[in-house]
Amino acid sequence: MASPFPGIDPFIESQGLWPDFHATFINYMRECLADLLPGDYDVRIDERVNFIQVEDDTIQRIRPDVSVAKVESGTSSATRFGGVATLLPVTLPETIEEEIRQAYIEIINRTDRKLVTILEVLSPSNKTQPGREVYQAKRGTIIQQPVHLVELDFLRAGQRHRFARAMPPGDYFAMVSRVEQRFDCDVYAWSIQQTLPSIPVPLAAPDPDITLELQSVYDVTFERGRYARSLRYDQPLVPAIDEGNQEWVNELVKSKTGGSR
């Protein structure tokens, strides 16, 4: 079943289906690119692993079943048995690091095996701390190299990338950073009420760009992922949207699904 929305379905982000959607979209985008690329290019899915330190207030501490002794932090205690001092431990919380795996796409020139273009689909961890700081550092490293970077932001929540000037108005964005235009970036913006655009994907000079139809990839992803069977369109959107768009969402869902909100 197709989404009732003309473009991005915001309920995917709202209802916790993003990790599955991200993986599925990456897969179908790779297939689409493989059909578009000239014969001397390869397109591959790669993965990076980041370790993010979890804040103390989010750690679920696991305590032992039996506690022999409890000593307040900053104090010491010793008990003598036959002249031998037995020290009681001070219990301290562990430092927890969360493993975050993120898939992305690489376009490689088959002749010299050089990396030509990276395509990223942003995840919530890329747009909130502490993962945002890690991603921004990685992004900064990429744009210092002779590699094109294409970023797709299909998420309304989180912090947008900060450019030297304000981004154009929109709910969703595609950003194309070309080697020959460094350090400028082409930004494509569209609203929740619009279809996804077709964007250029730059290759190695002198090869021309290929055109990626994001809406086509999105439609295949949504239908093959069977998300319409899981989404609850009677639930509020998180994050919330402005009143005008909310009225539009209500009418669209009602007309397409026969339900009411």
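**Figure 1. Phenylalanine 222 and tyrosine 227, both buried, in the predicted model.** Buried denotes a relative accessible area under 20% (1.4 Å probe, protein chains only). The model is predicted, with local features requiring pLDDT of at least 70 and side-chain atom pairs pLDDT 80 or more, whereas totals for chains, interfaces and linings use all residues. Residues are numbered from 1 along each chain as its sequence is written, and side-chain values use heavy atoms, without hydrogens and water. Ring pairs link Phe222 and Tyr227 into a cluster with Trp18, Phe21, Phe25, Phe154, Tyr172, Trp190 and Tyr218; rings of Phe, Tyr and Trp (its six-membered ring) pair if their centres lie within 6.5 Å, and planes under 30 degrees apart count as stacked, over 60 as edge-to-face and the rest as tilted.

**Figure 2. The aromatic pair of phenylalanine 11 and tyrosine 233.** The whole structure holds 14 aromatic pairs. In this one, the ring centres are 4.9 Å apart and the planes stand at 75°, so the pair is edge-to-face. Phenylalanine 11 is buried, at 0% relative accessible area, as is tyrosine 233, at 10%. The pair of phenylalanine 222 and tyrosine 227, by contrast, is tilted, with 5.9 Å centre to centre and 55° between the planes.

**Figure 3. The surroundings of leucine 119.** Leucine 119 is buried, with a relative accessible area of 1%. Not counting residues up to four places away in sequence, leucine 119 touches (heavy atoms within 4.5 Å) Met29, Leu33, Tyr104, Ile105, Ile107, Val150, Val201 and Leu212. The C-alpha atoms of leucine 119 and valine 150 are 4.7 Å apart, although 31 residues separate the two in sequence.

How values were computed
Buried means under 20% relative accessible area, exposed over 50%, partly exposed in between (1.4 Å probe, protein chains only).
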